[in-house]
Amino acid sequence: MNKLLQLNKRLLLIILFCIIFFILLLIIFQKTDKQTNNSVSKSNLDLNYDIVNPRFTINNQNDKISIKAKGGNFLSTEKILLENNVVFKSKKFTLFTEKVVFNQKNQTAESSQQSTFHSKGTSIISEGFKINENGNIINFIGNTTLTLDK
């Protein structure tokens with residue numbers, strides 16, 4: 001009778017260790033699988049753009065206009081399509097839109113997306129805009145709403 005109890009204890013211990021071993025393996029594989037999935041999804045986002053978080057500056061005589069976006073793609077050697085939360089910011093104004101074609105050589109920008117312009121006491125919402133002459137001239141395109149704040 002004593003031998004039978006000893007066999008059962010040994011068998012029980014072996015089975016218990018096997019179960020614990022398999023549980024640990026499952027946990028390890030799940031963690032490594034999640035890590036590889038996260039790295040793959042991040043790299044897929046980055047593959048959609050030639051440039052991630054691009055930043056440019058338009059310099060004119062009076063002011064500097066900084067340009068930021070979430071991503072950009074080269075259209076040619078001079079032109080870049082900036083996308084997602086594109087912001088033009090200077091000391092005098094801030095301009096928000098979703099897509100802009102920026103010409104590095106001519107220091108110009110053009111958008112046909114809804115744009116919001118904010119300056120001291122002024123807000124402009126338009127269907128697009130063109131920035132010419134190194135940021136000295138901004139032409140608003142399409143239906144445009146001008147709001148003067150008091």
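Is Asn73 buried or exposed, and what is its relative accessible area? I looked it up: Asn73 is buried, with a relative accessible area of 18%. Buried means under 20%, exposed over 50% and partly exposed in between, with a 1.4 Å probe and protein chains only.

A note on the model before I go on. I am working with a predicted model, where local features need pLDDT of at least 70 and side-chain atom pairs count only at pLDDT 80 or more, while totals for chains, interfaces and linings use all residues. Residues are numbered from 1 along each chain as its sequence is written, and side-chain values use heavy atoms, leaving out hydrogens and water.

Next I placed Asn73: it sits in strand 4, residues 71-74. Strands (E, at least two residues) and helices (H or I, at least four) are DSSP runs, numbered from the N terminus. I found 1 helix and 10 strands in the chain.

Then I checked the contacts of Asn73, meaning heavy atoms within 4.5 Å. Setting aside residues up to four places away in sequence, Asn73 touches Asn48, Tyr49, Asp50, Lys79, Ile80, Leu81 and Glu83.

My last stop was the largest nonpolar core, which has 19 residues. Such a core is a set of buried Ala, Val, Leu, Ile, Met, Phe, Trp, Tyr and Cys residues joined through side-chain atoms within 4.5 Å. Phe88 is one of the members that touch the most others. Leaving out neighbours within four places in sequence, I saw that the contacts of Phe88 include Ile65, Ile67, Leu95 and Phe129.
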